[in-house]
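Please look over the sequence and the structure shown here before reading the report that follows.

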Amino acid sequence: MKVSVYRYNPETDNEPYMQEFEIETRQGMMLRDALMAVQDQDESFTFRHSCGEGVCGSDGVNVNGSNKLACITPLSELKEPVEVRPFPGRPVIRDLVVDMSQFYAQYKQVDPWLIRKEPMPEQEILQSPEDRDKLDGLYECIMCGCCSTSCPSFWWNPDKFLGPQALLSACRFLADSRDQAKDERLDNLEGPYKLFRCHTIMNCVEACPKNLNPTKAIGHIKAIMLKDAI
Amino acid sequence: MALEKQRFDTLILGAGGAGLNAALQLANANLKVAVVSKVFPTRSHTVAAQGGVNAALANVLPDNWHWHMFDTVKGSDYLGDQDAIEYMCREAIPTVYELEHNGVPFSRLPNGKIYQRAFGGQSQNFGGDQAARTCAAADRTGHAILHTLYQQNIRAKTHFYDEYFAVELIKDEEGIVLGALVLNIATGEPLLIESKTTLLATGGCGQVFRTTSNAHINTGDGMAMALRAGLPLMDMEFFQFHPTGIAGKGMLITEGVRGEGGYLINKDGERFMEKYAPNAKDLASRDVVARSIVTEVREGRGCGPDGDHVMLKVDHLGEDVIAKRLPGIRESSKIFAGVDPVQDPIPVFPTAHYVMGGIPTDRFGRVMPEASDDGDPLPGLYAAGECACASVHGANRLGGNSLLDILVFGRLAGHNIIDYVKQNSAHRPLHDDSVAQAVGRLERWDVKGEGITVSELRKEFRKTMEDHAGVFRVEDMMADGVEKLKGIRDKLKDVRLTDHSATFNTNRTEALELENLIDVGLSIAVSALHRKESRGAHSRPDFPKREDGEWMKHTLYWKESDKLEYKGVRSQPLTVESFPPKERVY
């Protein structure tokens, strides 16, 4: 199979270019295996990867125009020629490795930790199974960045719009019956950009390798705000 | 070369559960703490832990820490240190409550308490009925815990060096560790971090084997740094093969699947664990189940066209239970095995999973540099988590005790470091020779020219480990393996990088990792060759019995001339009576 990968080394290349490799395929091969096969042929080819099973979120890439997690993307599902590029809209450090610092900074903006004001009980804080169910679809995020880097609103205003990943995280804490900072969290999302730049284009839903739905989470936050305003 | 320097009270190498739980205690106490991680913290391998963390909360069935302690001692095949085990099992309870308070989204019971499931090797009342001791967030417990700890560290303003690779520990003439040389992966610039205390929390080394549940990053970096600093590794022959990796691939299928009622079958559809462990059956200890699977396959009862695996049957649990309790497993099975466990069984075979051994510490997380039982710890150096050996797992770790180990001992190391820094507030003078040596380790890879590639030698090494240090081990096979591994170690000097760029050079970091893997691999093979008994995960068909008279002792391995020494097991707990060795049946 022919795999074409994006190459750019700031030390030697004036411009990025695509380079084609011929790799031997086998049954059940994932895109990550293909990228490792490329690396075996050319050790200077660089990409991030680790767990190989879709939980660490290291190996998000853009393949044939869509953001995907390489380790859980079967090669058999990709149309040839396979073209692998770095995430769009992020500064490229080298080859498929992009600078994700803006993405992480936006995550930190939503105070992504549980806030309790009451003193802690001696045992666990009780939570009903129904309340715990409200976290499903929110807490599983692996911060791979497939969603935010496929979002046009994030491309245009990465410094002002928080992006789908950070907003999904904001919703995860708003939805947690144990959290006691709902008002502060909502205040923190006020204004025309942070939350409201989401135009429900829904690229994030398409891109999420964990089948999460950031657009729905954003809608949920908007609904809480509206309800509180009345 | 002008080397950039930074100073901290504490340097933590590794940002998994152990490193982050230690960092959280330190940052909350306002110490100046640096966490160095070669990947962004939430990509650390704790994220992949599935089933859960053990604590005798008694939310589902009666339980107490003393029963948990008994199970852990028995599970260790009586090689665990009972003082450390008692401490861990007692501390499990407040540790899990603290995690919950920090925000971990545990699954819940109808009364609002934390959900607990049955796991292998768990019993009520010292070997009685099955217990349910494993606190779970569906089958994504590690992910839930790691993300929560990272989130709390953001709140506490811990200083992170993300994507920095730890190259070497810096020591003075007395052997006291003064910090580490690290490499900024993105720029290729080295950085010297000076610290009053250092915590090694670099995780495991499963990449020494070809088929493993472990991530690409699990290359034993901290263990190898300790070896090169002249410290020993303890009990490295005890390597856990998890019974249920996806056949041919190695991705983990949690023991929680069997805890929820799944079971193993051979090609005749026989539930074969009934033969090997009549009481506990599929929830026998991991070493027992892994050996049973390999035996079934060797005796011709394996499944598939090559008869090289067995099947894990789950469909009888029903779609609701699978969706609620095992959603991640269903996803992994579909992606990697092409089966939906709601309808079809999952093909499984043992996969290299966890190293029980590691950097020897006392039960306070302090590194113990000598074989003597009453020797002093090395001042200011700590180790916690999979890279350390306290020893709470002995010859075999129980499922659910790994997350527990990293969290309890990470937290404890944090507390002890706070006390140490109070009493030792000054930085010791830096030692130039040691710095030069560390820089030399980096510069060695600047040598250009023709040579062996990193990936060639890595392939040869991992295959050798798999062939010569796997589930069943006999003398000739292992002796042969040790010789081959020494040959591979000699070949390291002929390895050359093809890429000498400074920017995000993974060829360079993988070369540094390969050196680490080979050092750690030899510690496993040499320690295994010399232990002439079968105990826990170390299974010798040529010495099939456990020999408590001669071998109830810990192995210590030094890199210097591949030397071995032994030290006694600490069988005396803190407050309760010792559990004497008994025959181990499930």
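Predicted model: local features only at pLDDT ≥ 70, side-chain atom pairs only at ≥ 80, totals over all residues.

A residue is called buried if 20 or more other C-beta atoms lie within 10 Å of its own, exposed if 12 or fewer do, and partly exposed in between. Helix α4(B) runs over residues 141-155 and reaches 21 Å from its first C-alpha to its last, close to the 21 Å expected at 1.5 Å a residue. Just after α4(B), K157(B) takes a positive phi of about 60°.

Elsewhere in chain B, the axes of helix α3 (residues 82-102) and helix α11 (residues 401-423) come within 9 Å and cross at roughly 90°, and the two helices are therefore roughly perpendicular to each other. On the α3(B) side the contact is formed by M88(B), E91(B), A92(B), T95(B) and L99(B), which meet L404(B), D405(B), L407(B), V408(B) and R411(B) of α11(B). By class, this contact of α3(B) with α11(B) has six nonpolar, one polar and three charged residues.

| Peptide bond | Omega |
|---|---|
| E80(A) to P81(A) | near -5° |
| A390(B) to S391(B) | about -5° |

P81(A) lies in the loop between β4 and β5 of chain A, whereas S391(B) is in the loop between β17 and α11 of chain B.

Positive phi values also occur in loops. M202(A), with phi near 70°, sits between α6 and α7 of chain A and is partly exposed, having 16 other C-beta atoms within 10 Å. D77(B), with phi of about 55°, is placed between α2 and α3 of chain B and counts as buried, because 24 C-beta neighbours lie inside 10 Å.

Definitions and conventions. Residues numbered from 1 in each chain as written. Chains lettered and ligands numbered in written order. Helix = DSSP H or I, 4+ residues; strand = E, 2+ residues; numbered from the N terminus. Expected span 1.5 Å × (residues − 1). Axes fitted to C-alpha atoms, helices over the stretch in contact; angles between N-to-C directions. Parallel < 35°, antiparallel > 145°, perpendicular 65-115°, else oblique. Contact = placed C-beta atoms within 7 Å. Nonpolar A, V, L, I, M, F, W, Y, C, P; charged D, E, K, R; others polar.
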